[in-house]
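Morning, everyone. Then we can walk through it together.

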Amino acid sequence: MLHTDIRDELRANGYALEPASQFPIDPELRPRVKQLAHEWEHLEVDRYLKDGSRFRERAYDRFFFLPRTGEVRLRPHRPYFQSENANDYAGGIQRDVAPLSRSTLDNPLLTRLLRTNFARFPVEDGRLDDPWDVQCHQFRIISTPDEIGRPTPEGPHRDEVDYGAIHLMGRLNATGGESQVYSQDKALLTEFCLTEQMDTMYWADQQVLHAVRPIRPQDTGRPAVRDVLIMGYKHSAGLQRFESV
């Protein structure tokens with residue numbers, strides 16, 4: 001699939017898919033995919049789930065990104081915040097989420113993905129000289145016979161960004177987990193399942209809502225696991241290249 005095809009789909013439909021078989025990764029970076037995926041083995045339990053739930057592990061950081069030059073800088077780590085309008089499950093509070101590990105940040109694939117994703121978004125030329133705030137999330141969803149794994153307990157929602165990308169990094173012993181796209185009035189438009197490592201979904205956050213169906217174990221004797229890397233891109237003209245912690 002060409003970049004222009006994805007841009008056209010995002011403009012027309014608010015979402016687009018790029019299967020792993022078509023996702024461009026330079027040969028020298030291919031070994032880095034498995035190295036990056038291994039980082040999901042070291043995430044911390046999400047402390048903001050309700051009722052003592054433990055079905056989600058995560059890490060998070062943000063980056064300063066200047067599209068015209070490709071400059072990427074890690075921003076000072078701060079709590080993650082969503083408004084209650086965007087997330088009625090855990091919005092309205094400052095969530096102290098663990099940062100990305102040093103080995104995750106040092107993996108050159110991470111920066112390459114950040115730039116590659118942006119190249120697929122239908123961004124006006126005038127915004128390429130402005131900074132963008134890029135949220136980077138690692139999520140592991142775990143389901144056992146005793147607890148359903150819910151990737152989006154808040155249901156159909158926005159991430160309060162301009163565009164987003166979801167890369168599947170791992171999926172083990174899982175059924176369900178279909179990605180869903182909704183209209184702004186929460187009518188289901190389509191759903192599909194990311195199954196192969198590096199299957200990727202893009203979405204235009206101001207056009208559509210998104211959600212993911214719960215996962216359950218295929219073999220009930222083992223947990224089900226779904227790992228994703230999510231990057232959310234927000235045009236932020238006033239963002240400073242250097243910030244104090």
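Start with Thr-116. It is buried, with a relative accessible area of 13%. Buried means under 20% relative accessible area, exposed means over 50%, and partly exposed lies in between, using a 1.4 Å probe and protein chains only. Thr-116 sits in helix H4. Helices (H or I, at least four residues) and strands (E, at least two) are DSSP runs, numbered from the N terminus. What does Thr-116 touch, not counting residues up to four places away in sequence? Phe-23 and Pro-24. Contact here means heavy atoms within 4.5 Å.

A word on the source. This is a predicted model, where local features need pLDDT of at least 70 and side-chain atom pairs count only at pLDDT 80 or more, while totals for chains, interfaces and linings use all residues. Residues are numbered from 1 along each chain as its sequence is written, and side-chain values use heavy atoms, with hydrogens and water left out.

Now the core. A nonpolar core is a set of buried Ala, Val, Leu, Ile, Met, Phe, Trp, Tyr and Cys residues joined through side-chain atoms within 4.5 Å. The largest one has 36 residues, and Leu-229 and Met-231 have the most contacts inside it. Several elements supply at least two residues each, including helix H1 (3-13), helix H2 (30-38), strand E3 (56-66) and strand E13 (224-235). Which element gives the most? H4, with five residues.

Look at Met-231. Leave aside its neighbours within four places in sequence; its contacts then include Leu-110, Leu-113, Val-134, Cys-136 and Tyr-163. There is also a second, separate core of 12 residues, and Phe-139, Val-181, Leu-194 and Trp-203 are among them.

Next, strands. Two strands pair if DSSP finds at least two bridges between them. Take E3. Of its 11 residues, 10 are buried. E3 and E5 pair in the antiparallel sense over 10 bridges. E3 and E4 form a hairpin with four residues between them, and Gly-70 in the turn has a positive phi of about 80°.

Move to E6. It is mostly covered: eight of its 10 residues are buried. How many bridges join E6 to E13? Nine, in the antiparallel sense. Met-231 returns here, as the bridge partner of Ala-165. E6 and E10 are antiparallel as well, over five bridges. His-167 stands opposite Thr-200 in E10.

One more sheet. Three strands form an open sheet in the order E9-E8-E11, with antiparallel pairing. The edges are strand E9 (188-192) and strand E11 (209-212), and each pairs on one side only. Strand E8 (residues 179-182) and E11 share four bridges. Val-181 has His-210 as its bridge partner in E11.

Last, cysteines. A disulfide is a covalent bond between the sulfur atoms of two cysteines. Cys-193 is partly exposed, at 30%. Thanks, all.
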